[in-house]
Amino acid sequence: MTTLYQDDLTQTASATRSDRFHIRSTTTRFLSMVFCALILRVVVVAFSFLRIAAPSHDHGQFGAEMGWVARSLASGHGFSSPFLPMSGPTALVPPLFPALLAIVFRIFGIYTAKSAFAILAIDSIFSALTCIPIYFSLKHVAGERPARLAGWLWAIYPFAIYFSGAEVWDYALTSFLFANCFSFAQRLHLQERFAVWFGFGALFGVTALSNPSVLSLFPFLLAAALWKVRRVGGRWLLRGIVTVVALATVVGPWAIRNDRVMHAASPVRDGFWLEFWAGNSGDTTTSNPAWAHPASNAVEMNAFEAEGETLYLEHKHILATSFLRHHPLLFASVSLRRVVRFWTGFWSARSSYLQSEPLDRPNVFFCTFVTLLMLRGIGRWWREDRGHAIPYLFLLIVFPLPYYLTHSSMDYREPIEPQIVIMVAIGIVGFSGWVPLSKLQTRDTAELRQHEPQMAYRVIGEPISARRCLGARAEPNRWRLRGTSEFTRSSLARRPYPTTET
């Protein structure tokens, strides 16, 4: 093997040894982050699982609708009965988490303390592992320091700890899956193999089966990746078709089941109009009045059993649209209140409401503080690197829309909470130690484009920040761009891009 520049060999060998040391030290810090996150969550589980398994007339604290469907699955009645009475097939909840909970029930018993501990421990593992996609989402965009900060913030984040260690629901599972999807999407356009694009679509399909609310982001994330491929003349259309086919392959069987069993077009779940009516019934004492749900109202439960799920939901559809037609201004004002609640936790200052929700006061201060840091982070990101800020901006705009229309609370933010923490980390430390590629000298990027068109796409076509080789251990002027040898900025001006020939 010969090289164009023999002097690079010694430097590359030295950098390789330093790389190995750096990888080992990074891995150690990385594992300690996940381990600490898991310990914190397991401590909460130890104080919560007996409360979850405490006997009650309906075991509603054991996952509510998720738990009731899991009970039906575990007892051999199929995916049915989303409330306490055995009421037949359902599509009121997505299938993934009830199936997981049903497995736990089959092993440890239905509604037992062992099952409560097991499912909360599993949720805690998912939540702790979410540090991984959070770390990598930010490392490739803003460097080691912000990535490590974001991972540690997630490890100690109160909402992440509480909703994984104290509540039986799909929060932790969905957050973990979608964080991986989002991290995957940020670098999807660099992948040349169609199998990788198919894998992204399949992963997003699995995530949708956990919580279909994330499906609203799929077109935007895919379009952003395809646009970058198209910009350099890649086969963007075929890649897009492969990704959509993969998503349909995963979600399609469940959609067909819902069509045949429920006789309704509901790809994943069919409860939207129940939730819309609950938040727009004229009762604004809370964002989501309990009386509007069959689980908390005997009258509604009787109607659900008598009419069946499909007819009952159609009835709610009629009531909700009628309310919307007759009270558009009230709907608009309540929707605005839901926007405020989604990002600040505030709903009402009435004493009767605050007495029923004693944790709202501290929650409002914490949520508002997090939101301000998040906005500062996305603002910094937009100024430094718009290409990577756009997906986060889409996420903040698009994901909450259904909750602005129905009802909102802090648990509905959980699927995107990892991305919120990432933006908070940027709001705290910014992009210190990084230089966006857009700020490299025009002469340097022109040389790259002339001597290595494909590499120019990877460097220039992806508006990502270049990272200093080996972080703080690097020489001041030395850079590494993905898939390349090391080089200095000055070398680009005096000679072609370093390559090797066999």
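Because the model is predicted, local features need pLDDT of at least 70 and side-chain atom pairs count only at pLDDT 80 or more, while totals for chains, interfaces and linings use all residues. Residues are numbered from 1 along each chain as its sequence is written, and side-chain values use heavy atoms, with hydrogens and water left out.

Let's begin with the rings. A pair of aromatic rings is described by the distance of the centres and the angle of the planes. Here, rings of Phe, Tyr and Trp (its six-membered ring) pair if their centres lie within 6.5 Å; planes under 30 degrees apart count as stacked, over 60 as edge-to-face, and the rest as tilted. How many aromatic pairs does the structure hold? The count is 37. One of them joins Phe200 and Phe204, edge-to-face, with 5.8 Å from centre to centre and 70 degrees between the planes. Both residues belong to helix 9, residues 194-210, and they sit 4 residues apart, about one turn of the helix. For helices I mean DSSP runs of H or I with at least four residues, numbered from the N terminus.

Now for a tryptophan pair. Trp277 and Trp291 are edge-to-face, 5.6 Å centre to centre, with 85 degrees between the planes. This pair links distant parts of the chain: Trp277 is in helix 12 (residues 272-279), Trp291 is in the loop between helix 12 and helix 13 (298-307), and the two are 14 residues apart. Trp277 is buried at 9% relative accessibility, whereas Trp291, at 35%, counts as partly exposed.

Ring pairs link Trp154, Tyr157, Phe159, Tyr162, Phe163, Trp169, Tyr171 and Phe366.

Next, charges over rings. The rule asks for NZ of Lys or CZ of Arg within 6 Å of the ring centre and within 35 degrees of the ring normal. Which residue lies over the face of Trp277? That is Lys316, at 3.7 Å from the ring centre. Over the face of Trp347 lies Arg337, at 4.1 Å from the ring centre.

Side chains of opposite charge can pair when their charged atoms come close. The criterion is a side-chain nitrogen of Lys or Arg within 4 Å of a carboxyl oxygen of Asp or Glu, and by this rule there are 4 salt bridges. In one of them, Glu300 pairs with Lys316, the closest N and O atoms being 2.9 Å apart. Glu300 lies in helix 13 and Lys316 in helix 14 (residues 309-326), so the pair ties together parts that are 16 residues apart in sequence. Glu300 is buried at 11% relative accessibility, and Lys316 is buried at 3%.

Another bridge connects Glu417 and Arg413, with closest N and O atoms 2.7 Å apart. Glu417 is buried at 0%, and Arg413 is also buried, at 0%.

Then there is Arg148 with Glu144, where the closest N and O atoms are 3.1 Å apart. Being 4 residues apart in helix 6, they are separated by about one helical turn. Arg148 is partly exposed at 25%, while Glu144 counts as buried at 18%.

Helix 6, residues 144-156, also holds Trp152, which is partly exposed at 30%. Its C-alpha atom is 6.1 Å from that of Met33, although the residues are 119 apart along the chain. Beyond its neighbours within four places in sequence, Trp152 is in contact (heavy atoms within 4.5 Å) with Ser32, Met33 and Cys36.

One more residue: Ser175 sits in helix 8, residues 171-186, and is buried at 1%. Setting aside residues up to four places away in sequence, Ser175 touches Thr130, Glu414, Pro415 and Pro418.

Note on methods:
Buried < 20%, exposed > 50% of the residue type's maximum accessible area, 1.4 Å probe, protein only.
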